[in-house]
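Here is a short report on the packing in one protein chain.

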Amino acid sequence: MPKALTYRSNSVIYFQGDEADKVYILQKGRVTLNYSDIETGQEIHELIQMGEFFGVKSALGKYRREENALVLQDATVLMFAVPEFELFAGQNIRIVMKMLKVFSNQLRRIHKQVENLLDKEEQVSPEIGLYKTGEYYLKNRMYAQAVYVMSRYLTYYPTGKFAQEAARSLELSESNLSKYGQGKGPSPQHQVSPQDRSVDDEADAPPPRPAAKQPEELSPAAKQYYNAVSMFTQEKYQQAFLEFKKIVEAQEDAEYVAKAMFEQGRCVFNLGQLDGSIAHFSKMLQLYPKHPDMVDTLFYVGQAYEKKGDKAKAGGFYKKILSMQLDEDDSVHIKARRALKGIEG
């Protein structure tokens, strides 16, 4: 059973270089992960949010800690032994999805670093850097990260030069994560595709998984949408907004028009135009009262009001989210609960 542990401010949960055999979840307090940037050597301080896991990668990958876990404010954490955590995660797919979300910011940072650390005499494209990052994780049996990166690759580059390889790697990563668990499984050189198995092997082999689907031909609006999403992830918010605007104005694909309207609002918000983002999201919800991103939209509006200093209106939107029939482990539900607590003191 996981154990609840309490740490005082300025204490250390674990040091860089320690053996890693535990996974932690922050329940209360403030914890930061401190480590050196692999590219610049600069000291990085990564704040852990309440409800987030930490110590996962090294524990599941069975390598030593890469950072110091420092307590900034009296904290309570849940500590799992690796077998306990694997059982816990295996029984709840939401946990795996939550880990992927936690990894996303780290992967984005690593992706940028990989681009810079690869042969600097050659200009490495984001597409190549993203694909190579996914291959690195697969080869090192870091399947959850590989699934995330290869999924991102196929989202941003559905007809890219590595699309078929990425689809196969995604299938293999998902299969290995399900079959062996994170950090386990055969060495990469021993992993073979179903068509490469001998007849003798087939008798003892599990039923082959369906072949990976090849990326389908996307509509022009879809291609334009994913190009704009790529700009957004590179923090080119103004350029992304203009691309999303073209999709909305063209009105050629209803699904991507709705998606583009939501992304427009995110661009405006990230450009710091708070009144503009509130007005845009309000208009969007009038046009699409059942928009699939409604909950995220309400949170963005709440954030905009909070940044404007109108805590009453912000709190109203956070409470609206909490009143909706959502899983309490939903990331937006958690963020709304935390934001509401922050403004109410």
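## Helix H13 and its cover

The model is predicted. In it, helix H12 (294–308) and helix H14 (331–344) are among the elements that cover the buried residues of H13. Those buried residues are Ala314, Gly315, Tyr318 and Ile321. They cover an arc of only 115 degrees around the axis, so they sit on the same side of H13. In an α-helix there are 3.6 residues a turn, so residues three or four places apart point the same way.

The length of H13 also fits a helix. H13 runs over residues 311–323, 13 residues in total. At 1.5 Å a residue it should span 18 Å, and its end C-alpha atoms are 18 Å apart, so the two values agree.

## Helix H14

H14 passes the same kind of length check. Its 14 residues should span 20 Å at 1.5 Å a residue, and the end C-alpha atoms are 20 Å apart, which agrees. Its buried residues are Val332, His333, Ile334, Ala336, Ala339, Leu340 and Ile343.

## Tyr318 and the cores

Which residues have the most contacts inside the largest nonpolar core? They are Phe244 and Tyr318, in a core of 58 residues. Beyond its neighbours within four places in sequence, Tyr318 touches Phe299, Gly302, Gln303, Glu306, Ala336, Ala339, Leu340 and Ile343.

A second core is separate and has 14 residues, including Tyr24, Leu26, Val71 and Met79. In soluble globular proteins, nonpolar side chains tend to be buried together.

## A buried glutamine

Is Gln264 buried or exposed? Its relative accessibility is 6%, so Gln264 counts as buried. The residue lies in helix H10 (residues 254–270). Leaving aside neighbours within four places in sequence, its contacts are Phe241, Phe244, Lys245, Val248 and His280. Phe244 is also one of the residues with the most contacts inside the largest core.

## Aromatic pairs

The whole structure holds 18 aromatic pairs. One of them joins Phe262 and Tyr300 edge-to-face, at 6.2 Å centre to centre with 65 degrees between the planes. This pair links distant parts of the chain: Phe262 is in helix H10 and Tyr300 in helix H12, 38 residues apart. Phe262 has 5% relative accessibility, so it counts as buried. Tyr300 is buried too, because its relative accessible area is 17%.

Tyr300 also pairs with Phe281, this time stacked, at 5.8 Å centre to centre and 20 degrees between the planes. Here the link runs from Phe281 in helix H11 (residues 274–287) to Tyr300 in helix H12, 19 residues apart. Both Phe281 and Tyr300 are buried. Elsewhere, Tyr131, Tyr153, Tyr157 and Phe162 form one aromatic cluster.

## Strands E3 and E4

Strand E3 (residues 22–36) pairs with E4 in the antiparallel sense, over 6 bridges. Asn34 stands opposite His45 in E4.

Strand E4 (residues 43–48) has two faces. Ile44, Glu46 and Ile48 make up the covered face. Glu43, His45 and Leu47 make up the uncovered one.

## The loop at Ser11

Where does Ser11 lie? Ser11 is in the loop between strand E1 (3–7) and strand E2 (12–14). Apart from neighbours within four places in sequence, Ser11 is in contact with Ala69, Leu70 and Val71. Val71 belongs to the second core. Ser11 and Leu72 are 61 residues apart along the chain, yet their C-alpha atoms are separated by 7.9 Å.

Definitions and conventions
Residues are numbered from 1 along each chain as its sequence is written. This is a predicted model: local features need pLDDT of at least 70, side-chain atom pairs count only at pLDDT 80 or more; totals for chains, interfaces and linings use all residues. Side-chain values use heavy atoms; hydrogens and water are left out. Helices (H or I, at least four residues) and strands (E, at least two) are DSSP runs, numbered from the N terminus. The expected span of a helix is 1.5 Å times one less than its number of residues. Buried means under 20% relative accessible area, exposed over 50%, partly exposed in between (1.4 Å probe, protein chains only). The arc is that of the directions from the helix axis to the C-beta atoms. Contact means heavy atoms within 4.5 Å. A nonpolar core is a set of buried Ala, Val, Leu, Ile, Met, Phe, Trp, Tyr and Cys residues joined through side-chain atoms within 4.5 Å. Two strands pair if DSSP finds at least two bridges between them. Rings of Phe, Tyr and Trp (its six-membered ring) pair if their centres lie within 6.5 Å; planes under 30 degrees apart count as stacked, over 60 as edge-to-face and the rest as tilted.
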